[in-house]
Protein chains: 4
Amino acid sequence: MVDLSADYRLKDVTIYEKWYKIEHKSPQFLKEAVYGLCEVNREKVKQARLVANPGCYTTCSILTAYPLIKEGLIDTETLIVDAKSGTSGAGRGAKLPNLFCEVNENMKAYGVAVHRHTPEIEEQLGYAAGKEMTISFTPHLVPMNRGILATEYASLKKKRQPDGSFSLPSYEEIKAVYDKYYDKEYFVRVLDQGVYPETKWVEGSNYVDIGFQIDERTGRIIMMGAIDNLVKGAAGQAVQNMNLMFGMEETEGLKLVPVFP
Amino acid sequence: MVDLSADYRLKDVTIYEKWYKIEHKSPQFLKEAVYGLCEVNREKVKQARLVANPGCYTTCSILTAYPLIKEGLIDTETLIVDAKSGTSGAGRGAKLPNLFCEVNENMKAYGVAVHRHTPEIEEQLGYAAGKEMTISFTPHLVPMNRGILATEYASLKKKRQPDGSFSLPSYEEIKAVYDKYYDKEYFVRVLDQGVYPETKWVEGSNYVDIGFQIDERTGRIIMMGAIDNLVKGAAGQAVQNMNLMFGMEETEGLKLVPVFP
Amino acid sequence: MVDLSADYRLKDVTIYEKWYKIEHKSPQFLKEAVYGLCEVNREKVKQARLVANPGCYTTCSILTAYPLIKEGLIDTETLIVDAKSGTSGAGRGAKLPNLFCEVNENMKAYGVAVHRHTPEIEEQLGYAAGKEMTISFTPHLVPMNRGILATEYASLKKKRQPDGSFSLPSYEEIKAVYDKYYDKEYFVRVLDQGVYPETKWVEGSNYVDIGFQIDERTGRIIMMGAIDNLVKGAAGQAVQNMNLMFGMEETEGLKLVPVFP
Amino acid sequence: MVDLSADYRLKDVTIYEKWYKIEHKSPQFLKEAVYGLCEVNREKVKQARLVANPGCYTTCSILTAYPLIKEGLIDTETLIVDAKSGTSGAGRGAKLPNLFCEVNENMKAYGVAVHRHTPEIEEQLGYAAGKEMTISFTPHLVPMNRGILATEYASLKKKRQPDGSFSLPSYEEIKAVYDKYYDKEYFVRVLDQGVYPETKWVEGSNYVDIGFQIDERTGRIIMMGAIDNLVKGAAGQAVQNMNLMFGMEETEGLKLVPVFP
């Protein structure tokens, strides 16, 4: 079973109940549930009976920062995720704030500091970091149908150089870390130097596009990731999980070319 | 003279030439030029012969954070500005990236870590802080005609409490600081608790709408500001400056009601 | 009283009840009600106690064709109005078809052959023609907030020439007819030859922009009119009516400059 | 060869040179060129060496009206095509009128009475009618990336009934005619009664969606057709033609599911 709800994404029932403000009805399945972010948990997904399909914001936010956190390159206390989403992320309910005239020619933040995808990102990146993480996560509504762009900020750890001084890692060092994790991933495309992802480049596809920029002046890295929230952020990833669970080719049914324009 | 170019915004020629990559042709006017952010420099503008009209991103970014920096409430090293702009900010040149089909249903960051409005924000906020500031500033292109939304992140300084412990300032304390600076400002509207600005609320007007959220978990404050980049971010502010320079009512010609929807 | 509902727009109760499918609750006011299309009924509006403010589609559709029908230049049997409207025309109700994701990147016709503005156009243009009219009217939903564009088709009557032959009226003859009716109208702008109206040119204003093209090949004239459905198509026209009723300057409060872009 | 230019679409060189205002450089190929509208010319395409791929507006306009014209149900003198297109139809040239801020929140007609797709529609529908046709064709620019919606108006011929009276054909009769031509067409979907096509329903696919409404009051039929201008209106149809020419399955590579939303 691939579950698209949030019910089995968080291991800790108290965190679930705090952020979702409802009682968990079936905590007995939490232990066996596997968090279905294929690029991170591939082997576990293959063995799983129950997969919790990740949220749209979380998929994008986690994959964009994962290699640098896993390799300990950034100061985990400093991670800030400023995310922007197309309106389909709000579902298809007939609600006033999602009417065309409310969304079109408009932009806003929402759920500031309280969005439910926050603990999901923190839990998964915490596993990568090997310690608890607390992040700032701010979602925004953008006048477009599909697409999530996550712009992530973190301070790079300075490295001791042979001469005893400390300096930021180079572009090549960062790129090598991304390549280590994603070079063989069919659905993750790390872009060339100076190229930043655009949501249009992944629209209708299961791709995750990632770019980054080191800011020497501030010592930060700005990481940017883009997905289609309805594909890699939802149904596409569910199919990817299903493929793994049933021993099929992971890309089966997912070799979709992005729609442009 | 109210100059809408960037030529007299930065006091330091070397910074200008570094970021704009051109030689400054008339540095002799820099000294007398007044940075025309009326809410900050009102008295100087009134006396000015030459006013440098601020950039669109800078107007929004500075005013959103100004009171907290002026009052020393945030750790200036931590300020990050994630800004989103409608496409009119790119001008009216017939360039491929600004075509409808490139922008519509799309979102991207650009000029990451190198955008020219960065030193302008740093200089002005530095004056408020009383020391040099270095910030991260990331502009994004949004599929809408008008509007800038700046989402700003900074660590709040903890305050020593009567019992000797340290804690974050309260909502009321932050609100009082905003009110101290903006309560009498016609064009700045500090929104109610839990309300965040939307670009549509200021479209076609000279207003700056500001909201904020304290994040107890991370110790950060998330500040959000919205302007119409073509009014408060350009022509409207120029008129506001002109009004001040010529002794007219500051709001003359600017009591525009936002267009909704 | 300026009534913005449809209740007093149609003089014939049976037509009202047929198209609106409800019983008319106050037919006793129908006789005195004046149809508030100022450019056509100015003198009557000045004397009116009750003004029926016209519909948005009807205002645009009627004014675009009115001079040619009044002067008998077109074959009234042939009039077809293909109208396109921004989504604010659908109101602010939280309905699925008006959600951003349903409207954006989409276009459709609706209410084909049954839209309630049809009899209103027919009645008013019928007065101008001096006989009953039956037209085709097709509204369309366009992914924009504001604006109506009406494209209208009609066969031009051929005129007997001095040499006994028959030919279509010239551009100059048509233009002269438009000028006869609209030259002194503040809110109607008849565009230059070869220029066709764009909804953006009237957005936020009370203007009606009109252009036309004679098609020698088919003997038809294509007339195009644009208004902002929320201003000249609703509240703006209501103010215009109020100004007339109360002996104020007709343009009072309405000298709004269109918003561009 | 499948040629996507307009060079071999019109059989008559003089008509080509009149509408395109350039000299035809290779008229010697005109005779053998087959107009590649597969649903109409399937057998000819199979034998063709040179196929002229139809224009986007023309594909939609022709297929929407073709069965009724072929069966003589409408008065061919009365056909009016009011077409609306997304902006990708204008190509990717860096031109001012195609900038985001010019197109967004805007709508306009263009090329009124002189658009080059007019003679193409006239020629092909003339073959179906068995006589020369002259139509009104008005293209409009819509703020969306993809999609064409053609709204077509024509007077239905009245039919003599058994009792000697004359009346309009019924819905069922019209539907039967559409079914006769399109029932076995994979890419043409004639919609249910009262359902009108939306461009979103065909976006990214090679489908043509068609709906219609009989207007008893005016004796007209309103026919509506929708395609994706970049698929059935361009590259998709080219592939469909290639498939036919090379003896492959006609749908090879074209079983694309529309993108929604």
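These legends describe close-up views of a predicted model.

Local features need pLDDT of at least 70 and side-chain atom pairs count only at pLDDT 80 or more, while totals for chains, interfaces and linings use all residues. Residues are numbered from 1 along each chain as its sequence is written, chains are lettered from A and ligands numbered from 1 in the order in which they are written, and side-chain values use heavy atoms, with hydrogens and water left out.

**View 1. The open sheet of chain C.** Three strands lie in the order E1-E3-E2 with parallel pairing; strands (E, at least two residues) and helices (H or I, at least four) are DSSP runs numbered from the N terminus, and two strands pair if DSSP finds at least two bridges between them. Strand E1 (2-3) and strand E2 (34-35) of chain C are the edge strands, each pairing on one side only. Two parallel bridges join E1(C) to strand E3 (residues 51-52) of chain C. C:Val2 has C:Val51 as its bridge partner in E3(C).

**View 2. The open sheet of chain D.** The strand order is E1-E3-E2 in chain D, and the pairing is parallel. Strand E1 (2-3) and strand E2 (34-35) of chain D each have a single partner strand, so one side of each is left without a neighbour in the sheet. E1(D) pairs with strand E3 (residues 51-52) of chain D in the parallel sense over two bridges. The bridge partner of D:Asp3 in E3(D) is D:Ala52.

**View 3. Packing of H1(B) and H5(B).** Helix H1 (residues 13-20) and helix H5 (residues 117-129) of chain B pack at about 155 degrees, their axes 9 Å apart; axes are lines fitted to C-alpha atoms, for helices over the stretch in contact, and angles run from 0 to 180 degrees between N-to-C directions. H1(B) and H5(B) are therefore roughly antiparallel (over 145 degrees; under 35 is roughly parallel, 65 to 115 roughly perpendicular and the rest oblique). B:Ile15, B:Trp19 and B:Tyr20 of H1(B) make the contact with B:His117, B:Thr118, B:Pro119 and B:Glu120 of H5(B), contact meaning heavy atoms within 4.5 Å.
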